Amino acid sequence: MAELETFYDVIRRQGISRRSFLKFCSLAAASMGLGPAFAPKIAHAMETKPRIPVVWIHGLECTCCSESFIRSAHPLAKDVILSMISLDYDPVIMAAAGDQAEAALEDTITKYKGNYILAVEGNPPLNEDGMFCIVGGKPFVEQLRHAAKDAMAVISWGSCASWGCVQAAAPNPTQATPVHKVITDKPIIKVPGCPPIAEVMTGIVTYLLTFGTLPEMDRQGRPKMFYSQRIHDKCYRRPHFDAGQFVEQWDDEAARKGYCLYKMGCKGPTTYNACSTTRWNEGVSFPIQSGHGCIGCSEDGFWDKGSFYDRLTTIPQFGVESTADTVGLTAAGAAGAAIATHAAISAVKRARAGGTNDKSE
Amino acid sequence: MTIQPDPRDLAVHEEPSHAHHVTSVYVYEAPVRLWHWINALALVVLAVTGYFIGSPLHSTGGEAIEHFLMGYIRFAHFAAAYIFAIGFLVRIYWAFVGNHHARQLFTLPLWNANWWKDIVFELKWYLFLEKEPKKYIGHNPLAHFVMFFVFTLGTAFMIASGFALYGEGAGHDSLQWSTFGWMTAIFPNTQDLHTWHHVGMWVFVLFAMIHIYAAIREDIMSRQSMVSTMISGERMFKDNRP
């Protein structure tokens, strides 16, 4: 196996002296509350721990995950790509193209067998043998299977890789399929969102590097540190929800005052993501803060759950889509009418039969 | 079909020698009756507050600090939900220790051909195709069927989905989440869980409408008491014919 560049190598390559490096290790130990004896251990780890090679492949997607990723501020995307990981293949941002690029992929897979991380943006379409997405002359699903075979772990970037997203929305003509349904024998970290928050993406990469293990994940395979709470739980408009103060129309006084967008169909109460805490673009804002409800882009099948402006899923019936309340009210009305009719017929029948239970006793 | 009072019912009530003169049987024991009415009240609170959680009242004005309307509505919903859920647990307990009628909500005599025949009979009775109804001490087979599939299973679903939704807010380290969070394995996007919980409310509204109508109608038209039975526990028969 080829030598992997260690963190120490990178630090030295960037012109930092060994003296500064050792100072950093002592400081790191102190800041983590560890004794002086740990400074050499940290130095040892930095000197020996290799930079993790990452292979980033693209299936059916819109590249919004990459667009988000390169906007990460903490840490900066350039630090992640150039210092923290060894991004060996990513057709979107790599300099090489064509055969050269494909060769880089093969190189990494063979050289770092079982030691690299496979990041998947987008998903494979399975219909027509995968012909709806061709990469390097072959169906993407083949590249995915090939690259996943020797990967240490798989990161499913975005809602495409995690759930299927828009290309898997009904009727899903290309049979676009999320990664975990194609790759079943590798640990998969789902980082849903359309796109995921930049800092969430780099945060997960940083976690993998720092601890060398997968982060703690929830029942659906999402890292708990970013996806264990709903937007609603940490929304700065939550006090308006509890007070019963809602925007009723996009242009009303309540909208200007920044009341809760619940009645406008905000999906914050059913969406697990870090938008209301981490926010976007260096913490500048997030959808609710800019006055629009959450559309639940990090949730499973969010395209197929009806309007972005309804909190409840529309229920298809007889070819017409309807909300739960319409169905309920219609059913209750029908039942009420049926009961009234039934009661009337019962009364008539009883009157005809003689009114009372004369024949009894 | 002749009505043969269960000896277990008579033992507590009348001398066995009077069995053929029995006009009243003690069916619903006090805990069952009490549960029935507490549960009914809880359901009314749950349906009304639940509806207003789904479709909130018109917005209050002023500052958020001056109001807590949604908070109170949600509190009432959650408090009633606990009464509903704990009541259901107590009711299950009573099915074990109470009389055999207390078990009717939880058991189905699926292999009893007569039971199925009587379901058809009851359907015909409700469709005005039978002149005279039969006598039953407990629920009639059709009511029994509906009670089990709509009420018992419906209650279980509402409790499970409700506590899973509650657990979302209470956090993933909460008791509610650890006991009912598995519901999200069935509904990965909890928007669907909200939707089906909401549909469940309408199922209970329909159930209550039909239940109340049927009870009053049967009280008038059938050969046994209905409404007063859930108050006194006594099933009274209007005639002595089988």
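In this predicted model, helix α2 of chain A (residues 18–31) has 14 residues, which at 1.5 Å a residue should span 20 Å; the C-alpha atoms at its ends are 20 Å apart, so the two values agree. Viewed down the axis of α2(A), the buried residues fall within an arc of 100° and therefore line one face of the helix. These buried residues are A:F21, A:C25, A:A28 and A:A29. An α-helix has 3.6 residues a turn, so residues three or four places apart point the same way. The buried residues of α2(A) pack against α1 (7–13) and α3 (38–48) of chain A. On the other side of α2(A), A:R19, A:K23, A:L27, A:A30 and A:S31 are exposed. Just after the helix, A:G33 takes a positive phi of about 75°.

Over all chains, the count comes to 19 salt bridges. Three of them are tabulated here.

| Pair | N to O distance |
|---|---|
| A:R230 and B:E168 | 3.9 Å |
| B:R74 and A:D242 | 4.0 Å |
| A:K263 and A:E248 | 3.1 Å |

The pair A:R230 and B:E168 crosses between chains, from the loop between α10 (224–227) and α11 (238–243) of chain A to helix α5 (residues 141–170) of chain B. Both residues, A:R230 and B:E168, are buried.

The pair B:R74 and A:D242 also crosses between chains, from helix α3 (residues 69–97) of chain B to helix α11 of chain A. B:R74 is buried, at 19% relative accessible area, and A:D242 is buried, at 17%.

Within chain A, A:K263 lies in the loop between α12 (253–257) and α13 (275–278) and A:E248 in the loop between α11 and α12, so the pair ties together parts 15 residues apart in sequence. A:K263 is partly exposed at 27% relative accessibility, and A:E248 is partly exposed at 26%.

In chain B, a network of salt bridges links B:E132, B:K135, B:R223 and B:D239.

Terms used
Residues are numbered from 1 along each chain as its sequence is written. Chains are lettered from A and ligands numbered from 1 in the order in which they are written. This is a predicted model: local features need pLDDT of at least 70, side-chain atom pairs count only at pLDDT 80 or more; totals for chains, interfaces and linings use all residues. Side-chain values use heavy atoms; hydrogens and water are left out. Helices (H or I, at least four residues) and strands (E, at least two) are DSSP runs, numbered from the N terminus. The expected span of a helix is 1.5 Å times one less than its number of residues. Buried means under 20% relative accessible area, exposed over 50%, partly exposed in between (1.4 Å probe, protein chains only). The arc is that of the directions from the helix axis to the C-beta atoms. Contact means heavy atoms within 4.5 Å. A salt bridge is a side-chain nitrogen of Lys or Arg within 4 Å of a carboxyl oxygen of Asp or Glu.
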